[in-house]
Amino acid sequence: MQRYFVEEANWNLETNELTITGDDVHHISRVMRNKESDEVICIHPDKTIAKCKIKIIEDDLIQCSIVSIESNQYELPVHVSIIQSLPKGDKLDLILQKGTELGASSFYLYQAERSIVKWDKKKTIKRMTRFEKIIKEAAEQSYREMIPVLNNPANLVELIEATKDYHLKLIAYEEEAKKDDTSNRFKEELQNINAHEKVAIFIGPEGGFTTNEIKVLKEANFIPVKLGNRILRTETASFYVLSSISYQFE
């Protein structure tokens, strides 16, 4: 059954009704070709999941009645923020889509010192709108109970401040994988965190982090870790992290 995220203002729990607006109206009526009396799943921002029956289909809205409240556990037990350095081309589309499917709670974008792409203000606004749509659709497809938050590109100081209250702060650092060391700091750190705690991890660009960036992050209590014994591409690293956390907790 197709799932849709519905903003809080469109719910009326007193009458057990809600209203679907925006692009989802077209998707329900034109793409899915749903009719009145068909059922859909609607998700409240507080993660309430409701099975709903379509009552009225109009050009700009769909009225539904709430049939029942569902109980599901589709979210990772820990809050994971991916801090992704801006990559080349359309790699970020894949990172955001699959990161959402794998359970990321939020994404931060970082204009790293070695990031090849440079975003101006106009380009950022246009791209962020498209990225938010990619995340929303991936969240619906993967039965998420929330839409991961996508934050505007920020500098190192702003990102350190934004993650200051996180329980575990990591850097995926390729130089750690090159060391002749059998220990696995990433595995050890994951074993020390508990459900409902917050994890943040920096992912570098194609050229990797500079020594200055690593120095600043280490001073802010970020821990460099290797993601296995191989050097991963920037678009692969977050998938490894999220899959490892899923295996650890789920």
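Predicted model: local features only at pLDDT ≥ 70, side-chain atom pairs only at ≥ 80, totals over all residues.
What covers the buried residues of α8? The cover includes β7 (79-85), α2 (91-101), α6 (185-190) and β11 (198-203).

**Overall make-up**

The protein has eight helices and twelve strands. Its C-alpha trace spans about 65 × 40 × 30 Å along the principal axes. Of the 250 residues, 46% are buried. Take the contacts between residues at least 6 apart in sequence: 74% of them join residues at least 24 apart.

**Helix α8**

Helix α8 runs over residues 234-249, which is 16 residues. From its first C-alpha to its last it reaches 24 Å, close to the 22 Å expected at 1.5 Å a residue. Its buried residues are Thr234, Glu235, Ala237, Ser238, Phe239, Val241, Leu242 and Ile245. An α-helix has 3.6 residues a turn, so residues three or four places apart point the same way. In α8, the buried set includes Ala237, Val241 and Ile245. Two of the elements that cover these buried residues, β7 and β11, are also strand partners.

**Strand β7 and its neighbours**

β7 is mostly covered, with six of its seven residues buried. It pairs with β11 in the parallel sense, over six bridges. There, Gln84 has Ile203 of β11 as its bridge partner. β7 also pairs with strand β8 (residues 106-110), again parallel, over five bridges. Here Ser81 is bridged to Ser106 of β8. Together, β7, α2 and β8 make a right-handed β-α-β unit.

**The six-stranded sheet**

There is an open sheet of six strands, with mixed pairing. Its order is β1-β4-β5-β6-β3-β2. The edge strands are β1 (3-5) and β2 (11-12), each pairing on one side only. Inside the order, β5 (residues 49-57) and β6 (residues 62-70) pair in the antiparallel sense over eight bridges. Ala50 has Ile69 of β6 as its bridge partner.

The strand pairs described so far compare as follows.

| Strand pair | Sense | Bridges | Example of bridge partners |
|---|---|---|---|
| β7 and β11 | parallel | six bridges | Gln84 and Ile203 |
| β7 and β8 | parallel | five bridges | Ser81 and Ser106 |
| β5 and β6 | antiparallel | eight bridges | Ala50 and Ile69 |

**Cysteines**

How many disulfides are there? The count comes to zero. Cys42 is in no disulfide: the nearest cysteine sulfur, that of Cys52, is 3.9 Å away. Likewise, Cys52 is in no disulfide, and its nearest cysteine sulfur is that of Cys42, 3.9 Å away. Cys42 is buried, with a relative accessible area of 0%. Cys52 is buried as well, with a relative accessible area of 0%.

**Arg144**

Is Arg144 buried or exposed? Arg144 is buried, with a relative accessible area of 2%. Its place is in the loop between α3 (121-141) and β9 (149-150). The Arg144 side chain makes a polar contact with the side chain of Glu75, at 2.8 Å. Setting aside neighbours within four places in sequence, Arg144 is in contact with Arg3, Phe5, Ile43, Glu75, Thr100, Gly103, Ala104, Ser105 and Ala139.

Notes: Residues numbered from 1 in each chain as written. Heavy atoms only, no water. Helix = DSSP H or I, 4+ residues; strand = E, 2+ residues; numbered from the N terminus. Expected span 1.5 Å × (residues − 1). Buried < 20%, exposed > 50% of the residue type's maximum accessible area, 1.4 Å probe, protein only. Contact = heavy atoms within 4.5 Å. Disulfide = S-S within 2.5 Å. Polar contact = N/O pair within 3.5 Å; in protein donor to acceptor, adjacent residues only side chain to side chain. Pairing = 2+ DSSP bridges. Right-handed = clockwise from strand over helix to strand, strands pointing away.
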